[in-house]
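Dear colleague,

Please find below the structure that I promised to hand over, together with its sequence. My notes on what was found in it follow directly after.

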Amino acid sequence: QVQLQESGPGLVKPSQTLSLTCTVSNDSITSKYTVWNWIRQPPGKGLEWMGGISYSGSTYYSPSLQSRTSISRDASKNQFALQLSSVTPEDTAMYYCTRDPTGVNGMDSWGKGTLVAVSS
């Protein structure tokens, strides 16, 4: 069964860049058709899709976050990463990495999530 594990700092200062890594086990991030995503959920709010990276390395971003978001991968480590620049306290949230195995049918696996707080 695939496992996803988020890692990164739990506290980021305003205006800095938030950086998270997702380590994938029991599947390859280059598995055909798969899209690997970042989702977040601010306290008391709903889930927000931030973006994803496909098995071929193509990237997709939410229009509302595109100017501040970068998603990359390291296939040799079977990891993909999120960078969110110019953070504000509104970026405080649980951040999840997920797998969509077909790219069209939805996400079937989620990491446990990591809480990132933006505060000075």
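In this predicted model, Leu47, Trp49, Tyr60, Met107 and Trp110 form a nonpolar patch on the surface, and together they have about 480 Å² of accessible area. Patches here are made of residues with over 30% relative accessible area and no salt bridge, with like charges joined within 9 Å and nonpolar side chains (Val, Leu, Ile, Met, Phe, Trp, Tyr) within 5 Å; a salt bridge is a side-chain nitrogen of Lys or Arg within 4 Å of a carboxyl oxygen of Asp or Glu. The areas come from the Shrake-Rupley method with a 1.4 Å probe, and for residues only the protein chains shown count as cover.

Met107 counts as partly exposed because its relative accessibility is 32%; buried means under 20% relative accessible area, exposed over 50%, and partly exposed in between (1.4 Å probe, protein chains only).

A search of the whole structure finds four aromatic pairs, for which rings of Phe, Tyr and Trp (its six-membered ring) must have their centres within 6.5 Å, with planes under 30 degrees apart counted as stacked, over 60 as edge-to-face and the rest as tilted. One of them is the tilted pair of Trp36 and Phe80, at 5.9 Å centre to centre and 45 degrees between the planes. This pair links distant parts of the chain, since Trp36 in strand E4 (residues 35-41) and Phe80 in strand E8 (residues 79-84) are 44 residues apart. Trp36 is buried at 0% relative accessible area, and Phe80 is buried at 1%. Tyr96 and Trp110 form an edge-to-face pair, because their ring centres are 5.6 Å apart and their planes stand at 75 degrees. Tyr96 is buried at 15% relative accessibility, whereas Trp110, at 39%, is partly exposed.

The structure also holds one disulfide, that is, a pair of cysteine sulfur atoms within 2.5 Å. It joins Cys22 to Cys97 with an S to S distance of 2.1 Å, and the link is right-handed, with 65 degrees about the S-S bond. Cys22 lies in strand E3 (residues 18-25) and Cys97 in strand E9, so the link ties together parts that are 75 residues apart in sequence.

Residues are numbered from 1 along each chain as its sequence is written, and side-chain values use heavy atoms, with hydrogens and water left out. As the model is predicted, local features need pLDDT of at least 70 and side-chain atom pairs count only at pLDDT 80 or more, while totals for chains, interfaces and linings use all residues.

Best regards

Note on methods. Helices (H or I, at least four residues) and strands (E, at least two) are DSSP runs, numbered from the N terminus.
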